[in-house]
Amino acid sequence: MTKKKSPRLQKDLIRTTASYPPIFRGLLIALTGAVIANLLHTPLPWLMGPLFATAVTRVVGIDTRCPPALNKFGRWVIGLSLGVYFTPEVVDNLAGHWALILFGMFHAQILAVAGWWIYRRYGGVDSGTAWFASAVGTASEIVNMAQRAGARVDHVATAHSMRVLIVVVIVPFGVQWLWGGDAEAARAAAAASRVVHWPTLLLLMAGSLLSVQVFRRVRLPNVWMLGAFLFVAGCNLVVAHFSLPDVLSHTDLPSWLVRAGQFGVGWSFGDKYRPDFLRSAPRLLAAVALSTVCFIALSVAIGSGLAHASGEPAPALILGFMPGGIAEMTLLARSLELGVAMVTALQISRMIAVLFTTPLVHRRWIGGGR
């Protein structure tokens with residue numbers, strides 16, 4: 001009797017869930033994922049919970065929707081939260097480590113070449129598709145490049161989704177396990193030193209939205225995050241350099257706003273998965289999975305070695321060199337107070353370098369050949 005009722009109960013549950021509008025259904029699933037992740041004390045619960053819950057339900061065939069504006073909102077909040085860290089003292093420290101930033105750009109190119117060879121040899125895709133699939137940059141921008149170059153856009157998008165998913169699965173848990181306990185004091189000190197100054201914050205929000213619109217016209221990549229980040233960081237530097245009044249004093253974002261931004265990014269990323277995700281290009285997915293794990297191990301080894309040589313904290317360099325999404329790595333650094341400025345500088349400089357070099361290398365050396 002139990003076996004006969006179970007399928008009927010399952011069908012009733014699916015039918016009841018399907019009766020909700022896709023956006024409302026997706027919101028319930030994403031919120032459930034966030035609550036479960038908080039109860040399990042996972043790193044970045046407001047990002048990882050909605051991401052995994054939405055991705056799993058999308059892959060199994062439940063139709064949900066995430067409003068596109070939520071992704072923009074999440075990235076805008078991340079840009080604001082990162083900008084407050086870029087004080088003149090932090091910028092001076094980064095300027096003294098320009099060699100590390102240049103090496104981070106070079107490291108990304110090495111990973112791209114290695115990934116291109118692996119995907120072309122073992123992933124069953126053509127040379128051009130393999131090149132765009134291996135670029136370690138902002139996935140949406142790389143997919144647009146692949147489309148303009150005539151590469152297989154579906155394979156490129158699938159490869160980037162798999163890469164970022166593996167990094168988000170492995171790295172946050174590893175970093176929290178290794179350095180999460182050491183970060184408690186840093187988090188407490190940071191929370192005590194930064195306050196939410198609403199007049200300042202509202203001015204920064206308004207200015208950042210104008211900055212985003214300006215940068216959209218010049219086609220800045222990842223404009224909602226970088227536009228907000230560059231505006232807030234620039235305000236910090238200008239106010240400090242010219243000793244301006246306290247109109248734009250240093251401030252922080254309220255924790256609920258940061259969590260809302262994480263929720264938007266996590267839900268929107270999980271919503272990109274489709275029921276045919278695991279069935280599309282299985283050879284390419286296997287190649288991406290294996291290579292990404294190897295690249296994570298390589299980034300840990302290089303980051304640890306350079307930390308010993310340079311005196312910089314190992315977690316900051318490891319997260320900065322990781323072949324993951326810029327939003328996820330910088331949010332992890334911020335949540336654990338692990339060298340936020342260094343991680344942001346490494347990830348942003350790498351992203352800009354990849355966006356410039358990827359189409360250039362494709363035009364001059366890769367082409368569409370096999």
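Predicted model: local features only at pLDDT ≥ 70, side-chain atom pairs only at ≥ 80, totals over all residues.

Helix α6 itself covers residues 98–122. Its 25 residues should span 36 Å at 1.5 Å a residue, and the end C-alpha atoms are 36 Å apart, so the span agrees with expectation. The buried residues of α6 are L100, I101, G104, H107, A108, Q109, L111, A112, G115, W116 and Y119. Among the elements that cover these buried residues are α5 (88–95), α7 (127–134) and α14 (282–310), along with α15 and α17.

Helix α15, one of those covering elements, comprises residues 314–321 and also packs with α9, residues 153–179. Two packed helices are described by the angle between their axes and the distance between the axes. For α9 and α15 the angle is about 175° and the axes lie 12 Å apart. Angles over 145° count as roughly antiparallel, so α9 is roughly antiparallel to α15. On the α9 side the contact uses V171, V175 and W179, which meet A314, P315, I318 and L319 of α15. By class, the residues of this contact are seven nonpolar, no polar and no charged.

Helix α9 also packs with α3 (residues 45–59), at an angle of about 140° and with the axes 12 Å apart. The two helices are therefore oblique to each other. The crossing of α3 past α9 is left-handed. From α3 the contact takes M48, L51 and F52, and from α9 it takes L165, V168, V169, P172 and F173. Here the residues of the contact divide into eight nonpolar, no polar and no charged.

Helix α17 covers buried residues of α6 and is also among the elements that cover buried residues of α4. Helix α4 runs over residues 68–83, and its 16 residues reach 23 Å from first C-alpha to last, close to the 22 Å expected at 1.5 Å a residue. Its buried residues are N71, G74, R75, W76, V77, I78, G79, L80, S81, L82 and G83. Besides α17 (340–366), the cover over them includes α11 (198–217), α12 (223–241), α13 (255–270) and α16 (326–336).

Definitions and conventions:
Residues numbered from 1 in each chain as written. Heavy atoms only, no water. Axes fitted to C-alpha atoms, helices over the stretch in contact; angles between N-to-C directions. Helix = DSSP H or I, 4+ residues; strand = E, 2+ residues; numbered from the N terminus. Parallel < 35°, antiparallel > 145°, perpendicular 65-115°, else oblique. Contact = heavy atoms within 4.5 Å. Nonpolar A, V, L, I, M, F, W, Y, C, P; charged D, E, K, R; others polar. Expected span 1.5 Å × (residues − 1). Buried < 20%, exposed > 50% of the residue type's maximum accessible area, 1.4 Å probe, protein only. Left-handed = near helix turned anticlockwise from the far one by under 90°.
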